[in-house]
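My entries follow in the order I made them.

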Amino acid sequence: MDMGLIVTIFFIGFVGSFISGMLGIGGAIINYPLLLYIPAILGVAHFSAHEVSGITAIQVFFATIGGVWAYRKGGYLNKTLIGFMGISVLIGSFVGGFGSTHMSEGGVNIIYGILALLAAIMMFVPKKGIDNIPLNQVKFNKWLAALLAFVIGIGAGIVGAGGSFLLVPIMLVVLKIPTKMTIASSLAITFLSSIGSATGKVSTGQVEYLPALIIVIASIIASPIGAKIGKNTNTKVLQVILSILIFVTAAKIWLDIL
């Protein structure tokens with residue numbers, strides 16, 4: 001690896017992990033397209049869809065650890081929500097991670113595009129009053145949460161994502177979880193999910209270890225910084241940033257597929 005490739009991968013990992021910590025997502029929705037396109041555009045490397053999904057699976061694992069640690073105080077982590085959704089998404093991501101070896105690169109990209117499009121649509125659904133609910137009075141349908149998390153986990157495992165870019169809008173729109181509790185809890189759920197997807201990618205030989213190591217270093221530095229800024233940012237601002245981010249990514253992926 002030359003210095004240009006190392007700097008490029010570190011920058012991609014830093015940006016993705018910073019946004020991961022701030023918005024409660026694993027960072028794959030940022031890093032997947034960046035790793036797929038930026039190194040090739042700059043002429044420093046060309047990663048396949050399978051290699052990119054493997055690298056992002058490792059990145060998400062470490063980025064979410066840093067984010068959860070930053071949110072560990074303040075009552076933002078809903079342990080019941082994390083338990084029900086975390087176990088389900090972990091099982092689903094194992095299934096998706098192992099199953100992805102039998103899919104073509106085009107198939108992986110289509111799954112990613114479908115997930116991003118669904119997330120983009122949900123982020124633009126009005127979310128009135130959810131942030132007025134006291135954190136200790138939050139209620140939700142536990143079994144619905146578990147079922148949705150399992151389905152998300154399968155898709156997330158296929159593309160090497162933690163699934164948080166879809167978990168977050170579902171938690172906000174369907175389960176009616178307050179924004180900052182959603183951000184903190186989704187990081188913990190995504191950490192559990194990433195165990196499944198990362199294991200699936202490593203065991204099936206889909207991980208380029210040196211690029212993954214560089215992204216991990218960037219994640220450990222950037223994710224806690226993003227989480228600290230996220231805790232002090234207005235919830236409406238966080239929702240708008242995430243909505244735009246998901247919409248732009250979905251549009252780019254579908255333009256390439258079509």
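Is the crossing of helix 2 and helix 3 right-handed or left-handed? I found it right-handed. I note here that the model is predicted.

**Helix 2 and helix 3**

I looked up the geometry of this pair next. Helix 2 covers residues 28–42 and helix 3 covers residues 49–70. Their axes come within 9 Å and cross at roughly 145°. I then listed the residues in contact. From helix 2 they are A28, N31, Y32, L35 and L36. Helix 3 contributes A49, V52, S53, I55, T56, Q59 and V60. I sorted the residues of this contact into eight nonpolar and four polar, with no charged residue.

**Helix 4**

I went on to helix 4, which runs over residues 79–99 and has 21 residues. From its first C-alpha to its last it reaches 29 Å, close to the 30 Å expected at 1.5 Å a residue. I checked the N-terminal end and found it capped by N78. A side-chain oxygen of N78 lies 3.2 Å from the backbone nitrogen of T80. I also listed the buried positions of helix 4: L81, I82, M85, G86, S88, V89, G92, S93, G96 and G97.

**Helix 7 and helix 8**

How do the axes of helix 7 and helix 8 cross, and at what angle? I read roughly 140°, with the axes coming within 10 Å. Helix 7 spans residues 164–173 and helix 8 spans residues 179–203. Helix 7 passes helix 8 in a right-handed crossing. On the helix 7 side, I listed S164, L167, V168, M171 and L172. These meet T179, T182, S185, S186, I189 and T190 of helix 8. The residues of this contact divide into five nonpolar and six polar, and I found no charged residue there.

**K176**

I looked at the loop between helix 7 and helix 8, where K176 is found. K176 has a positive phi of about 60°, although it is not a glycine.

**T179**

Leaving out residues up to four places away in sequence, I found T179 touching I130, D131, L172, T235 and Q239. One of these, L172, is also listed in the contact of helix 7 with helix 8.

**A188**

I stayed in helix 8 for A188. A188 has 10% relative accessibility and therefore counts as buried. Which residues does A188 touch, not counting residues up to four places away in sequence? I found V68, L77 and I82. I then checked the separation of A188 from V68, which is 120 residues apart from it along the chain. Their C-alpha atoms are separated by 5.8 Å. I82 is on my list of buried residues in helix 4.

**N136**

My last entry is N136, in the loop between helix 5 (105–123) and helix 6 (142–159). At 70% relative accessibility, over the 50% cut-off, N136 counts as exposed. I looked up its separation from Y76, which is 60 residues apart from N136 along the chain. The C-alpha atoms of N136 and Y76 are separated by 9.4 Å.

Notes:
Residues numbered from 1 in each chain as written. Predicted model: local features only at pLDDT ≥ 70, side-chain atom pairs only at ≥ 80, totals over all residues. Heavy atoms only, no water. Helix = DSSP H or I, 4+ residues; strand = E, 2+ residues; numbered from the N terminus. Expected span 1.5 Å × (residues − 1). Buried < 20%, exposed > 50% of the residue type's maximum accessible area, 1.4 Å probe, protein only. Polar contact = N/O pair within 3.5 Å; in protein donor to acceptor, adjacent residues only side chain to side chain. Axes fitted to C-alpha atoms, helices over the stretch in contact; angles between N-to-C directions. Left-handed = near helix turned anticlockwise from the far one by under 90°. Contact = heavy atoms within 4.5 Å. Nonpolar A, V, L, I, M, F, W, Y, C, P; charged D, E, K, R; others polar.
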